[in-house]
Structures are given as structure tokens and as C-alpha cells.
Amino acid sequence: MKKTIQKNAVIGYPLGHSKSPFLHNALYKKLGLNAKMVAIEHRDIKFLVQKIKQLNIGLCAITMPFKQSVIKYLNKVDSQAKKTQAVNTVINKKGKLIGYNTDIDGIKFALRSVPIKNKTVLLLGAGGAARAVAFFVSSAKGKILYLSRTKVKALKLQQEFGGIVVSQKDIKSIKFDVIINATPIGMKPLVQFSPLNKVVLSPKQYVFDLVYNPVETQLLKDAKRVGAEIISGVEMFIGQAIRQIELFSGRKVNSESIQNFARKLLLT
Ligand code: NAP
């Protein structure tokens, strides 16, 4: 008898930009998992949580703007997600909803070759993804300098994860080892914009842009031109998705061949 297919979902509003169903469905097929991810777009998080339960969604990827508002509807939140106060993954275990933050795993994966300990890290933006970056960099003992248009949000990150808040004027005279963009500036359709003045870029830096669409943002193009090492948000996207599938399937699926398979899908 044919087993019924497990329904998974990505929820958010709007969802036009999400490549999660594309990547997940290809990975399920490759890994022989009997599951399918669909996109459910709605403005109301309460409605979406009801849908997860009604449709018996097994794995739910959470995207903007619900990573924080979903928390109050969950039965349990794991410790990483608690620290960042952001959930990007919900696993439905027989009606009990458990929240995780696999963005942190994605950031760790994207930065696997980047020295962070005692390095000066400029973090642009102070939203949900920036919280995950701040958590990771502070755990790896990097020195974080926050630059955000809403200063109060950057001050909150400083309070929780250490480091200091800087201004546009300050950054021109500071040498950064690593620069991380956690704002949506440069994302499709506004691809010609960069969140950072080129004068801050230099050859020995690592520049990581969380934006994954386009693969190479204006910031990364500028950084490449000065000879810096660049890392696309595609790497984080792959790392966080693989971890989501591990949480859902209970299997270790991360391997170089799966990473290459995902990379090939997203880069062509
Ligand atoms: P978010 O919670 O909405 O935070 C966005 C941050 O960017 C906020 O600090 C916001 O400032 C700032 N910002 C937005 N527009 C700006 C502008 N025009 N000028 C200056 N600052 C601006 O979003 P998020 O969830 O953190 O996501 C941020 C980016 O990361 C998005 O592009 C998202 O696609 C990407 N991301 C990628 C992955 C991946 O797997 N590669 C995973 C998660 C997120 P205010 O607070 O002042 O509004």
C-alpha cells in the first residue's frame, strides 16, 4: 500500500521570494523522503498556526515577518531559539509544536572557513537574522560592531550579545576583519543598492551577505572588486535547510555531496 505523503510548509507574508519549497522538494526527492513542501501565504500568524495543525504539517519553515510572533503559539522552544527569540522552524510532533532556529546553523555553515575569535565584525541590520548572527559571533568570541538605522534595536543586541553600536561616521575610520549584511538591501528587485559605502571595504576582509537572491549582491560585487573574500547568503540558505530536514527526518543528512547538490540547484 502506498504511504501517504507527509505535507510540509513554508509560511510567511509575502512569500514570493521564498525558494524553500524548491530546495526542500528537490532534497526530499534526492534523499528518498516521502514529503512535499507547499507555500502558505497569509497575513495572520494565528490563522497559519491553525493551518499547521489542521493539515498536520510535519515541518514548517517560518519566514518574515513571523519568526518572533510564532513563539507564543508553540508548546516548546529549544535553547538556541530561546536565546535569539526567533524561530524559523517548527516541528509538529503529534500535535505538539516545537520551535527551532536553524538560521544559526546556516550562519555557522556559511562562516565555517572564516576566523571569528578576537576579530572585528561589522554587523549591518538589527532584525531577526541579525540576532542569529550576533548570537553566533558572540559565541565564537568575535568583537561585534553594530550598525543599524534603528539605533534602539542595535542597543538591544549590544545588551544581549556584547559588542558596541557604531555610526555611519565611525565606520570609515575602523578596520573590519569581517562584514556581515543582515539587511534586505541589495535583494531583488532593488539589486543595484549596497548597504555599505565602498570605502569601508578592503582586500583582507571576509564579506558575508545574508541575501541569497541575487546570489552575488552589489555589496559582494564591490567587495570582490577590492579583493575581499566573499560569501553568498546561498551558503546559509543551504546550511539552514539541511538542518531543518535533519530535525524533521531524525536522520543525519548533511554531507558534502548533499551540499553540492543543493548548491548546483540554487546556482544554476
Ligand atoms: P528583518 O527582521 O525585517 O530585519 C531587517 C533589518 O534590516 C532591520 O534591522 C531593518 O531596520 C534593516 N533594514 C531594512 N531595510 C533597510 C534599509 N532600507 N536601510 C537600512 N536598514 C534597513 O529581516 P530578517 O529576517 O532579519 O532578514 C534580513 C535579510 O536576511 C533578508 O534579506 C533575508 O532574506 C535575509 N535572510 C537570509 C537567510 C538565508 O538563509 N540566507 C535567512 C534569513 C534571512 P529597521 O529595524 O530599522 O526596520
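1. Buried here means under 20% relative accessible area, and exposed means over 50%. Aspartate 222 has a relative accessible area of 5%, so it is buried. Arginine 225 stands at 63%, and therefore counts as exposed. The two residues form a salt bridge, with the closest N and O atoms 3.7 Å apart. Both sit in helix H8; because they are three residues apart, about one helical turn separates them. Keep in mind throughout that this is a predicted model.

2. A second pair in a helix deserves a look. Arginine 243 and glutamate 246 both lie in helix H9, three residues apart, about one turn of the helix. Their side chains meet in a salt bridge at 3.1 Å, N to O. Arginine 243 is partly exposed, at 29% relative accessible area. Glutamate 246 is buried, at 13%.

3. Which residue does glutamate 235 meet in a salt bridge? The partner is arginine 112, at 3.1 Å from N to O. This pair links distant parts of the chain. Glutamate 235 belongs to helix H9 (residues 233-249), while arginine 112 lies in the loop between H4 and S7, and 123 residues separate the two. Glutamate 235 is buried, with 12% relative accessibility. Arginine 112 is partly exposed, with 46%. Arg263 joins Arg112 and Glu235 in a network of salt bridges. The count of salt bridges comes to eight.

4. Now the sheet. Six strands form an open sheet with parallel pairing, in the order S9-S8-S7-S10-S11-S12. Its edge strands are S9 (164-165) and S12 (229-231), each of which pairs on one side only. Within the sheet, S10 (residues 178-181) and S11 (residues 206-209) are joined in the parallel sense by four bridges. Asparagine 181 faces aspartate 209 of S11.

5. The largest nonpolar core holds 29 residues. Leu111, Leu123, Val137, Tyr146, Ile180 and Phe208 have the most contacts inside it. At least two residues of this core come from each of helix H4 (103-110), strand S7 (120-124), helix H5 (128-139), strand S8 (143-147), helix H6 (151-161) and S10. H5 gives the most, with seven residues. There is also a second, separate core of 27 residues, and among its members are Leu27, Met37, Ile242 and Ile245.

6. Setting aside residues up to four places away in sequence, leucine 111 touches Ile116, Phe136, Ile180, Phe208 and Ile231.

7. Strand S3 has cover on both faces. Leu59 and Ala61 point to one side, Cys60 and Ile62 to the other, and all are buried. S3 runs parallel to strand S1 (residues 6-12), joined by three bridges. In that pairing isoleucine 11 stands opposite isoleucine 62. With strand S5 (residues 89-93), S3 pairs in the antiparallel sense, again over three bridges. Here alanine 61 stands opposite threonine 89.

8. Is threonine 63 buried or exposed? The residue is buried, at 14% relative accessible area. Its contacts, not counting residues up to four places away in sequence, are Val10, Ile11, Gly12, Leu15 and His17.

9. Alanine 228 lies in the loop between helix H8 (218-226) and S12. It is buried, with 10% relative accessibility. Leucine 201 is 27 residues away from alanine 228 in sequence, yet their C-alpha atoms are 7.6 Å apart in space. Beyond neighbours within four places in sequence, alanine 228 is in contact with Ser202, Pro203, Gln205, Val207 and Ala223.

10. One last point concerns the surface. Ile185, Leu190 and Phe193 make a nonpolar patch of about 270 Å². Isoleucine 185 lies in the loop between S10 and S11. That residue is partly exposed, at 36% relative accessible area.

Methods:
Residues numbered from 1 in each chain as written. Predicted model: local features only at pLDDT ≥ 70, side-chain atom pairs only at ≥ 80, totals over all residues. Heavy atoms only, no water. Buried < 20%, exposed > 50% of the residue type's maximum accessible area, 1.4 Å probe, protein only. Contact = heavy atoms within 4.5 Å. Pairing = 2+ DSSP bridges. Patch = residues over 30% accessible without salt bridge, like charges linked within 9 Å, V, L, I, M, F, W, Y side chains within 5 Å. Areas by Shrake-Rupley, 256 points an atom, 1.4 Å probe, with all protein chains shown as cover. Salt bridge = Lys/Arg side-chain N within 4 Å of Asp/Glu carboxyl O. Core = buried A, V, L, I, M, F, W, Y, C linked by side-chain atoms within 4.5 Å.
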